[in-house]
Amino acid sequence: MARLHLIGSAHEYGAVHTYRFGAQRPLEFAPGQYGHLFFPKLLRQFTKPVREISFASAPGDDEVWFTLDHSSGSPFQLHFQALEPGAQLHVFGIGGHLELPEDPARPLVLIGGGIGVTPFRSILRHLQRHRPQTPVVLVHAGRADYLYSAEFAAMPIAYHRVGREGLADALVGVTDLEPAPQYMVAGSDGFVSGVVEQLRNTGVPGDAIQTDTFKGLHGHDGAAA
Ligand SMILES: Cc1cc2nc3c(=O)[nH]c(=O)nc-3n(C[C@H](O)[C@H](O)[C@H](O)COP(=O)(O)OP(=O)(O)OC[C@H]3O[C@@H](n4cnc5c(N)ncnc54)[C@H](O)[C@@H]3O)c2cc1C
């Protein structure tokens with residue numbers, strides 16, 4: 001169990017906020033992983049005081065970042081939104097479903113729905129520092145707002161922001177790349193299953209697709225149709 005303390009937060013758009021935490025000791029995690037976030041003081045107040053949340057920062061960053069969509073208004077979200085600088089948060093059970101390919105020359109195609117791009121920020125910051133030779137395409141499907149867009153636009157990647165109607169075409173455009181890419185898809189259940197189905201229909205083999213499903217996320221990722 002690692003202890004973090006809140007340094008500050010920023011409003012991104014709508015009900016989406018990014019939180020910056022400091023850690024007593026460097027936190028061990030791999031790029032693209034998530035942790036179970038837990039407020040021990042809330043154990044008696046909530047039936048479920050734990051949430052799985054992706055690391056938006058990279059291992060080795062000075063701060064640990066999480067971005068949350070508070071739109072459900074659940075007690076956990078209301079508590080998080082009211083945190084003041086210095087507030088304590090515990091993280092345990094770190095794990096993940098996204099794993100970088102061994103070959104740094106293999107292209108990566110990252111496809112995120114709405115807030116599903118959080119693990120991709122972690123991965124992209126890691127790649128910039130440790131594997132700048134990896135070719136990356138990022139397809140971000142959203143409604144009107146695109147999380148971290150200024151930071152992604154400044155990265156040496158092919159960055160495509162699409163709406164619901166542009167997603168299918170964008171996916172067709174990333175299925176004929178050479179050498180064969182590793183695909184990573186992250187977002188709500190509906191978004192991930194829809195994108196995987198489209199990729200498979202265009203001939204992408206199942207073992208070239210990794211998924212990170214934000215189970216429990218309310219349907220705000222913009223392209224879940
Ligand atoms: C790997 C992973 C990474 C995630 N990363 C992020 C992130 O970076 N940012 C973010 O905002 N959210 C993320 N989520 C979603 C987050 O864990 C919460 O589920 C979400 O924020 C909803 O919590 P809530 O308090 O708003 O809603 P609640 O009202 O508590 O839950 C909404 C609904 O979803 C159901 N539900 C909640 N959690 C789960 C679950 N784990 N499995 C199945 N059903 C569930 C509840 O029963 C309820 O019906 C991630 C989830 C996973 C699994």
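This is a predicted model: local features need pLDDT of at least 70, side-chain atom pairs count only at pLDDT 80 or more; totals for chains, interfaces and linings use all residues.
A residue counts as near a molecule or strand here if one of its heavy atoms lies within 4 Å of it.

Residues are numbered from 1 along each chain as its sequence is written, and side-chain values use heavy atoms, with hydrogens and water left out.

**Around the ligand**

The ligand is surrounded by 21 residues, and the closest are K48, R51, E52, S72 and S74.

| Residue and atom | Ligand atom | Distance |
|---|---|---|
| S54, polar side-chain atom | nitrogen | 3.1 Å |
| S72, side-chain N or O atom | oxygen | 2.5 Å |
| K215, backbone N or O atom | oxygen | 3.1 Å |

**Where the domains meet**

An automatic or database domain assignment supplies the domain bounds: domain 1 covers 2-95 and domain 2 covers 108-223. Their C-alpha centres are 23 Å apart. Domain 1 brings 22 residues to the contact and domain 2 brings 17, where contact means heavy atoms within 4.5 Å.

About 1,600 Å² is buried between the two domains, 56% of it on carbon and sulfur atoms. Buried area is the accessible area (1.4 Å probe) that two parts lose on being put together, summed over both.

Eight residue pairs are in polar contact between the domains, both residues being at pLDDT 80 or more. On the domain 1 side, the elements giving two or more residues are β1 (2-13), β2 (16-23) and β5 (64-69). Of these, β5 gives the most, with four residues. Strands (E, at least two residues) are DSSP runs numbered from the N terminus.

**Salt bridges**

A salt bridge is a side-chain nitrogen of Lys or Arg within 4 Å of a carboxyl oxygen of Asp or Glu. By this rule the count comes to five, and the count between domain 1 and domain 2 is two. R129 pairs with D61, their closest N and O atoms being 2.3 Å apart. E63 and R20 also form a salt bridge, at 2.8 Å from N to O. This pair links distant parts of the chain, 43 residues apart: E63 sits in the loop between β4 (50-54) and β5, and R20 in strand β2.

Key: A polar contact is a pair of N or O atoms within 3.5 Å; within protein, one must be able to donate a hydrogen and the other to accept it, and residues adjacent in sequence count only if both atoms are side-chain atoms.
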